[in-house]
Amino acid sequence: MAAQVDSISLLNDYPKEESPWRLVFRRFRKHKLAMISLGVMLVLFLITLFARQIAPFEVDEITVGNYFLKPGSVQEATGRVHLLGTDNLGRDLFSRLIYAGRISLTVALLSVVISSIIGVTIGAISGYYGGWVDNLLMRIVEFFLTIPSLPILLIISAMLLKNQDAIPIPQFLLELAGKLMLLEVREARQAVLIILVLAGLGWLTSAQLMRGMVLSLRNQTFVEAAKAMGAGGAWIILRHMIPNAMAPIIVDASLNMANYVVAEAALSFLGFGIQEPIPTWGNMLSATQAYMLDMPWLPLIPGLPIFLCSLAFNYIGDGLRDALDPRLKL
Amino acid sequence: MKIQNEQPVLTVRNLKTHFFTEDGVVKAVDGVDFDLYPGEILGLVGESGCGKSVTSLSILRLVGVPGKIVDGEIWFEGKNLLSLTENEMVAMRGNRMSMIFQQPQTSLNPVYKIGDQVAEVFTIHKNLPKKEAWDKAVELLHLVGIPDAEKKAHAFPHEMSGGQAQRVMIAMALALNPTLLIADEPTTALDVTIQAQIMDLILELREKMGTSVILITHDLGVIAEMADRVAVMYAGQIVEQATVQELFARPHHPYTKGLMGSIPVLGKVTRRLEVIPGSVPNLINLPQGCRFSPRCKARIEQSLEICLHENPMLVETGSNHLCRCWLYDGQMKSAGDLMEANHE
Amino acid sequence: MLGYIARRLVQMVGVVLISAVATYALLNLAPGGPMTGLRQQQQGRNRITAADIARIRAYYELDLYLPVRFSRWLIGHPRGPITVGGTEWFANTPIGCRQPIEKNVRNEKGKIETKVVGCNENVYLRDLEGRKVSRGILLGDFGASWKLLRDRPVSDLIMSRLPKTIELIGLSTLLSLLLGIPLGIYSAVKQYSRFDYIFTSLAFLGSAMPTFFFGILMILVFSILPKSAGLPYLPPGSASAVREYVVPLIGTIQPDTIADRLMHLVLPVITLTIVSVASWSRFIRASMLEVLRQDYVRTARAKGLKEKLVILKHALRNALIPFVTIVVFSIPSLFGGAIITETIFSWPGMGRLYFLALGDSDFPVAMAILFITAVLTVIATLIRDLVYTLIDPRIRYS
């Protein structure tokens, strides 16, 4: 009896288990570049959140005659500084960059949220119920994943944008999007359409991920137990499957953030996304092309933030993957 | 028992293999000594993570990054393996010394025919032409008891059962009649009936070829059946070494006793099986003193202070019997005898 | 095996048909079609008559019912009454409407909409005789372009652009394979080394870099800046020059010579190559690391194989298996081109054609490219599955 008590006291010498999220954060902190990226993105989000307060000029405030001012130029009349200079119409590039960031980041963020929700729902249904529904859905997903995505993205957004007034979008959605992106309601329509296109084509990988997770969880004991206790499909999916599948979904979402920032920029760059005069990093970059012969620094102004965001979200995704599932580490 | 007066074929001294990970240095093997005599089967036994597999990979010098052999000597056929060049070592592996593994099916390359995989040993070490090597391979497959070997040689690993795959692995390992065969849990992944067949095959080939074998397992039953001598490993060190009969009759180390207590014995009625409390220590932060001390009931019963401060040496505690425990240290001998008496 | 291929071919035809329907649906939903603007002109001074509209409608086959139109677009039929043994059948079956009756209706929102409420004059099957008809897209006839080369066959446009795309994509795919595979292998084999560290960092940067920004940087660094500094430079765009030009240290280059074409090829090829080397070599590295952890690699080493053989014979063969998918799926892009790169460098290939077609609302051209890309993707899927049976003995289809 004495020996037994002792063996229990022996066990107490072992360190206590950490809570899983603390452990994740501890591992994430080790990934220096991911931590730096997280910091950079927080700063960028804060800047764009306070776009109105930080931007020294209005988005389309035109100063006649002050075209192509060099970075750091001072307006003679008012003494205000154009930190990054002005564009071909005399608009302040720094201010436009901030407003553009607000739009680009919001579009990417909303697209990620929507596409994750769609992906998780479809993946969960597909994996949980199986059968012909699963078969059909996954065939469609596979097909769309194999054909090159950019041409489809382009043609759909080209058609939607040309038809934009004919597409019914609830007024309150437009107003909400307008508030989020500091746009007027009629301008917000374009942004909403782009979000719909990005999310509409972007849910495929999250659906595949979720389906895989559901399939592997379906036969585990806690799910069997829940079933035995009479829990319904929806309950099991919400209560047991989704929380357990969170890790890869979060990683996928952060990598998708990078993809959507780049995709939105690419669409705007090619002229099939959000159009001038609404500023986005993509259409600003496109506009600089015409003048880069004389002002070679000009493309860097809108180009670097795109690259920075893409890089940062990739690093964050990388760090999260390492932290959430060390087995996935390459 | 075998001929211990002969020269050992393999001598391992103070072998230390450490893994340099982000979290710290994992001392997987930390000062292992043993000898292996001609034709002998030495059982290396211990819980998973005690360093037995790393010991065997160290002998073949197959420990990959971030692992590194940091100290020690491995004498084999008159050479210290740790001072050979990589090319000299390559010539040894699969030729003078070879190894079979726990998962025979995944240990065979899925994209090559098994005949080719066996024949490869002849082409690389003996420069045999392809056709001749293939014929030899078929012959070997026949020898290890693969039925219809000519046809089966064309099969791919996924088309074979686990037992057959292990036979192929054995054929490959023994192709060039090596002096040393290391069998790392060769039957753990197999069905019980197949296990016995594979064990018999190893015993039979040992007799035929006179190969010395290091048999790594966590299964004391396998040890009792197969081995001539046993070394028990715990947390990167050998804690007890003896002949099979001696070890099973008179286990010395509290850990060995724990291992044996946790196996049901046919015909013996006990209220419950003994368990060793706790688990294998973290190999990065090893306990000070004896590595087993945090889990050692004997230490508490005997209230030994020294165990918590100093790691004991592996010393002779009987005829051909080595043990690493303060209970058997010189002045503590009486205490050890006392405990022995208590136990019986 | 043959049965499997046959089954797959049938499935493929199904997918191709679905793609065709989807393409056609998009094509018909597409705004900015040939009739755009006609209605506005009706109100203007140069009023076009109802007969004009009927003619234009007939020209674009808008006077036929949708299934008939689709069938003629897909397979080039029906072309007129069916003649069996000298008798014509179905000659008087109505297949469309020449002059619809339109009425302005007030909808629930109070706006006035024009709705078709009936038909003044039907089109019958016999009327199709002698009408111009394509052979159908299934036989490679994609009809005529709306804008880019008005009324010329889409296939002419495609054929004039295709060689340029194959040249660009083919060359960069080849280079990417030649560079990406060895880099990935080497980096995996030397994991944790300084080379691996630098390589993975660069590859990470490369795969996070948006192509359009990278392309612009390339133009800046290798064309604009050196040109203004009087150094040798590369031309920033197009596939060949219009007139001769002088490059410092290299000399005068005549337009459309081999030297000229090579000069123009360098920047787009490098851009595409770097982008795909970054992602391909990362893929190979990951796949190789996965394989190097496998038991059979340990066996190969325990057998006494030299490390070089372990890597090249036992590991690489397995590591390349998943990579086949990536290589096979670059076939469709060999046709479809690289939209962004070709656009930035004004490379007259398929990608830029697609871009221009979308910009000009030339949907027959865009749809043809999209449709062929989809078909090639389906074919690539079959090729991939067949290749897998050859290289991976674990996979057998029956």
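What radius of gyration does chain C have, and what would a compact globule of 398 residues have? In this predicted model, the radius of gyration of chain C is 28 Å. A compact globule of 398 residues would come near 21 Å. Along the principal axes, the C-alpha atoms of chain C fill a box of roughly 85 × 65 × 50 Å.

The domain assignment divides chain C into domain 1, residues 36–141, and domain 2, residues 156–391. A distance of 46 Å separates the C-alpha centres of domain 1 and domain 2 of chain C. Chain C contains 15 helices and six strands. Buried residues account for 36% of its 398 residues. Contacts in chain C were also examined by sequence separation. Of those between residues at least 6 apart in sequence, 65% join residues at least 24 apart.

The UniProt record, an unreviewed entry, annotates chain C with "transmembrane region" at residues 12–30, 168–189, 201–225, 265–284, 319–345 and 365–387. Two of these spans were examined for secondary structure and end-to-end distance. Residues 265–284 of chain C are 100% helix and 0% strand. The end C-alpha atoms of residues 265–284 lie 27 Å apart. Residues 319–345 of chain C are 70% helix, again with 0% strand. For residues 319–345, the end C-alpha atoms are 35 Å apart.

The C-alpha trace of chain A spans about 95 × 50 × 35 Å along its principal axes. Chain A has 330 residues, of which 43% are buried. Among contacts in chain A with a separation of 6 or more, 70% are between residues 24 or more positions apart.

For chain B, the UniProt annotation concerns a domain. The record, also an unreviewed entry, lists "domain: ABC transporter" over residues 12–260 of chain B. In the model, residues 12–260 of chain B are 39% helix and 27% strand. The end C-alpha atoms of residues 12–260 of chain B lie 26 Å apart.

Conventions: Residues numbered from 1 in each chain as written. Chains lettered and ligands numbered in written order. Predicted model: local features only at pLDDT ≥ 70, side-chain atom pairs only at ≥ 80, totals over all residues. UniProt positions renumbered as here; feature names shortened; annotations may be inferred. Helix = DSSP H or I, 4+ residues; strand = E, 2+ residues; numbered from the N terminus. Rg over C-alpha atoms; globule rule 2.2 N^0.38 Å. Buried ≥ 20, exposed ≤ 12 C-beta atoms within 10 Å, placed from the backbone. Contact = placed C-beta atoms within 7 Å. Domains from an automatic or database assignment.
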